[in-house]
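Q: I have a new two-chain model open. How should I read its strands and the contact between its chains?
A: Let us take it one feature at a time.

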Amino acid sequence: MYPHERSLVKRLQDKPFALLGINSDPQKEKLKEALEKEQITWRSWWDRTTSGPIATTWNVQAWPTIYVLDQNGVIRAKNVRGAAMDKVVDDLLKEMQESKTP
Amino acid sequence: MKRMVVGLLALLLVGTALPALDDAKDKDKAKEKTTAVKPRTPAEQYLAVAKDFQNARQDFRKAFLAAKSQEERSKIIKEKSPNALKYAEQMSEIAAKNPRDDAAVDALAWIVTNVGYPPPVNKALNVLASDHLDSKKLGPVCLSLTYSDSQAARDFLRAVIEKNPQHDIQGQACYSLGVLLKNLAERQSLARAEREKLQKDAEGLLNRAAEKYGNVKLGRGTLADRARGELFEMHYLVIGKTAPDIQGQDLDGKQFKLADYRGRVVVLDFWGHW
């Protein structure tokens with residue numbers, strides 16, 4: 001997961017794009033070590049456990065779970081990985097650009 | 001120290017499982033000769049194969065974790081990763097030879113819950129559906145099918161709902177089929193009408209799981225809790241709906257919210273470093 005996410009974030013750093021995490025690690029110190037080691041630069045909400053409030057509201061039963069939202073916050077894809085995630089994100093960025101230039 | 005004890009234990013288990021397997025091979029011969037050797041029961045045969053697989057997997061895991069380089073890891077995957085299909089064949093044989101024995105259900109259930117490759121799983125499901133629908137052991141099988149996309153899985157779950165005499169197993173099948181259809185409805189490639197049909201069926205089953213089977217226990221909660229979570233997801237977290245806002249603290253204790261990111265394409269990743 002991490003290498004793909006790192007390259008996605010890097011490739012799209014100048015685009016209207018954000019990768020946001022919802023993290024369920026109970027131990028924050030260990031987690032911070034992981035952030036450094038894996039070069040996780042993107043922001044995460046800290047949900048504390050797998051039964052944290054955000055994961056519970058979103059009915060998350062498996063980790064990782066992925067949602068892709070468009071510029072209006074509408075869910076456009078779920079649980080896409082790797083190349084499939086790249087394609088969904090690229091298509092949405094393209095759709096956004098096209099809606100701006102009539 | 002702990003690791004050493006585990007290692008020793010694994011060795012001991014291998015030590016006992018291997019002769020057991022040889023027994024299985026010799027069993028037919030023993031039968032022909034009608035010697036005094038007591039044939040092993042189907043349950044014992046099932047346990048021997050299951051243990052054998054578990055040991056092979058432990059060996060593989062140990063070797064993989066001990067590997068120092070990427071090449072070494074690739075080599076270990078190639079040489080040591082246990083082939084579940086081989087064990088599936090043995091399990092399927094145990095089930096075929098002892099169709100009236102409870103061990104047949106264990107063996108078939110093992111295939112469904114341990115083998116990732118569809119053909120043997122579907123075959124096992126078909127046998128369970130035709131011969132073992134009244135078994136009390138089908139709960140875990142039902143719950144393992146929520147991500148399946150095979151018709152055999154759907155047919156099996158429907159049959160369990162209708163024909164299994166146990167209330168809790170009917171409920172688990174009803175809930176599992178609901179979740180399975182909900183997951184199917186999320187595939188990218190679906191036409192709209194097809195998606196809506198699957199969603200409607202899923203909703204019906206999940207409502208039934210929450211009402212008729214609501215008090216059945218599942219994990220730390222009940223079927224009612226789980227089914228209502230799935231229904232919430234279906235109503236508010238499906239493709240095409242606006243995502244609910246998320247508010248909370250980041251890892252540095254700073255408050256932020258999802259709504260701040262309107263105007264950008266967002267990938268939300270529920271993750272853990274474990």
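A: Start with one pair of residues in this predicted model. Val68(A) stands opposite Val267(B), a residue of E5(B).

Q: How many bridges join E3(A) to E5(B), and do the strands run parallel or antiparallel?
A: There are 5 bridges between E3(A) and E5(B). The two strands run antiparallel.

Q: Which strand of chain A is also joined to E3?
A: Look at E4, residues 75-78 of chain A. It is joined by 3 bridges to E3, residues 65-69 of chain A. This pair is antiparallel too. Here Tyr67(A) stands opposite Lys78(A).

Q: How many residues lie between E3(A) and E4(A) in the hairpin?
A: The hairpin has 5 residues between its strands. In the turn, Gly73(A) has a positive phi of about 80°.

Q: In what order do the strands of the sheet come?
A: Read across the sheet: E2(A)-E1(A)-E5(B)-E3(A)-E4(A). These 5 strands form an open sheet with mixed pairing. E5 in that order belongs to chain B.

Q: Which strands are the edge strands?
A: An edge strand pairs on one side only. Here the edge strands are E2 (44-46) and E4, both of chain A.

Q: How far are neighbouring strands turned against each other?
A: On average, by 20°, with direction ignored.

Q: Which helix lies across strands of both chains?
A: Find H4 of chain A, residues 82-100. It lies across E1 (17-23), E3 and E4 of chain A, together with E5 (265-271) of chain B. Against E5(B), helix H4(A) runs at about 150°.

Q: How many residues does each chain give to the contact?
A: Chain A gives 46 residues and chain B gives 33. On the chain A side, the elements giving two or more residues include H2 (28-37), H3 (53-57) and H4. E1(A) has the largest share, 7 residues.

Q: How do the residues on that side of chain A divide into nonpolar, polar and charged?
A: The side of chain A that touches chain B has 28 nonpolar, 11 polar and 7 charged residues.

Q: What scores does the model have?
A: Its ipTM is 0.96 and its pTM is 0.73. Chain B averages a pLDDT of 87, and 86% of its residues score at least 70.

Q: Where in chain B does pLDDT stay under 50?
A: Where pLDDT is low, predicted coordinates should not be read in detail. In chain B, that stretch under 50 is residues 1-25. The model has 15 contacts beyond four places in sequence for these residues.

How values were computed. Residues are numbered from 1 along each chain as its sequence is written. Chains are lettered from A and ligands numbered from 1 in the order in which they are written. This is a predicted model: local features need pLDDT of at least 70, side-chain atom pairs count only at pLDDT 80 or more; totals for chains, interfaces and linings use all residues. Two strands pair if DSSP finds at least two bridges between them. Helices (H or I, at least four residues) and strands (E, at least two) are DSSP runs, numbered from the N terminus. Axes are lines fitted to C-alpha atoms, for helices over the stretch in contact, and angles run from 0 to 180 degrees between N-to-C directions. Two residues are in contact if their C-beta atoms, placed from the backbone, lie within 7 Å. Ala, Val, Leu, Ile, Met, Phe, Trp, Tyr, Cys and Pro count as nonpolar, Asp, Glu, Lys and Arg as charged, and the others, Gly among them, as polar. pLDDT is the predictor's confidence in each residue, from 0 to 100.
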